Amino acid sequence: MSHRADIVPLREAIDLVDHKVNLLGVIVEFGFPRKSMGTGIWDSPFLSSFFNRLHQVVQVFNYVCVLKIVDDSHQKPEISVNIFAKNLDELPRVLGHGDLVHLSRVVMKVCDGEVFAVFNKMFSSFALFQGKASNNLNPYQVSSRFCHEYQDDMLISHLRAWLLNFQLDAGSSEYLRSLKDIEAGKFFDLICKVLYVYEASKDEWILFVWDGTDTPPLSLETKLEDEVEKPLPLNFESFTLPRETLCTFPRVGTILRVVPRAYEKLELHFKDSNHWVKFRNISCQVCSGLWYGILMPNSKVRLLSNEDDFVIKCRRNYDDRVSAKVGRLPLSFNPHYCCVTVTDNENLPYMTLMEILTYSEVTAKFKSVVRVVAACPWRAERFFRSRVGMRSHKIRFTLEDPTARIHAYLFAEDGMEFFEGFPPIDVLTNKRNRLLGIIEGGTCKGENVLRNPPWVECCIKSYYKHKNDCWGSRRFRIFGTRLVS
DNA sequence: TTGGGG
């Protein structure tokens, strides 16, 4: 025999501040479960100093997760529900767009005019249900103390029916940015597809996200002398993703690496990749000339449907881009300013570096628009070596475009063509500086060199070094390209 | 008693 009160519509719950209520809502947004800031019961300055030692002992940290919910009676503003638990695993793991949450005995609170619900781990309980597309009345996750009541089934079905005609969308925001418009250190919202979640190590995760646009090119400032000992990395991550994984990714548009700060077991939220999501209040930074995103403790997620207006717009923009003749060219590339190199392979189609990396054949020829972000050796006088009286070029360039970085070698006759023979060292230095975007006189021995490499067109050939390991020994070299004087 | 808020 149950003594539980009925589920209260959100519109009524708002007026029941300090009351325990039962709610059923659609989850429109959530924060990843994380450690709470603590109970802060010794926060008063007097008590804090008086119980200085006790302070650290008594402070209680729980795990917390914030859901935002709506129902058919109330949509704006979305109602926050703060859920606390002793363990991470006891917090809700929202799996799908528009999933439902049943909350029992949560307390309505008000602060600064905002009404929200608080889940008390001593007496509240929750259950998560699939969203509108489902007829399943069994929850996919329940907290302790939750007990299923058959009279709730009708309300779950009712809410799902209401959802069929309700546009549960990404929500517009003034902070929404595409990857092409991001700025370091600024907070922004991003609508993107989560392509992959990688466990770098225990509690260290990297999300690979994509929105079909290109992150802006960055200036670099590294010691060029370091290129031998500590070369510019090819990826943000310290490992190389297997080619099979790369092949599942889109070939055009930047795949931004996003790292979580202060979260654990993030992978549980992205069991199925290829979800479209809106991240709210994320940030980005630059490392080794590569962009990366940061999920902050106060970042939020909205799981989106594939029919969401914003998602449709992203996909349409991408489809338009790749079907255009210039679809493979970086978004920030302006052909009117590309006059550093010329190539003599008119009929080779443009490809992104990601297309080159994932190309089905080991050996092939490509044409790309890239930036030369590093050279090894670095000094122009070492660009060629002497061997038994013969002079020959051998340089390893690091090329990047919005999709990837690769090493590409310049050898022998290709080097002759590239530099127009063996010009005097000062001429060669000037050529190098133009290629790497180094401002004249900007090189200081032993110090970081600021450079902003221009987009250059070049022909790239893939080859292998060992016949018994073609893919493993695959390399790239530049050919058919000339630096313009 | 822990949140949020760009």
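Predicted model: local features only at pLDDT ≥ 70, side-chain atom pairs only at ≥ 80, totals over all residues.
I began at DNA strand B, where one of its phosphate oxygens is 2.4 Å from an N or O atom in the side chain of R34.

A polar backbone atom of M37 is 3.0 Å from a phosphate oxygen of DNA strand B. At the bases, I found a nitrogen 3.0 Å from an N or O atom in the side chain of E114.

Next I listed the surroundings. There are 21 residues around DNA strand B, and those that come nearest are R34, G38, T39, D189 and N281.

On to D211, in the loop between β11 (204–210) and β12 (220–222). I noted that D211 is buried but has no salt bridge; R321, the nearest side chain of opposite charge, is 7.4 Å away. What does the side chain of D211 reach at 2.8 Å? I found the backbone nitrogen of L179. The D211 side chain also makes a polar contact of 2.8 Å with the side chain of T213.

Last, I checked helix α8 (residues 412–419), whose buried residues are D414, G415, F418 and F419. They sit on the same side of α8 because they cover an arc of only 115 degrees around the axis. Among the elements they pack against are β20 (390–400) and α9 (425–436). After α8 comes E420, and I read a positive phi there, near 55 degrees.

Definitions and conventions. Residues numbered from 1 in each chain as written. Chains lettered and ligands numbered in written order. Heavy atoms only, no water. Helix = DSSP H or I, 4+ residues; strand = E, 2+ residues; numbered from the N terminus. Buried < 20%, exposed > 50% of the residue type's maximum accessible area, 1.4 Å probe, protein only. Lys, Arg positive; Asp, Glu negative; His and termini not counted. Salt bridge = Lys/Arg side-chain N within 4 Å of Asp/Glu carboxyl O. Polar contact = N/O pair within 3.5 Å; in protein donor to acceptor, adjacent residues only side chain to side chain. Arc of directions from axis to C-beta. Contact = heavy atoms within 4.5 Å. Near = heavy atom within 4 Å.
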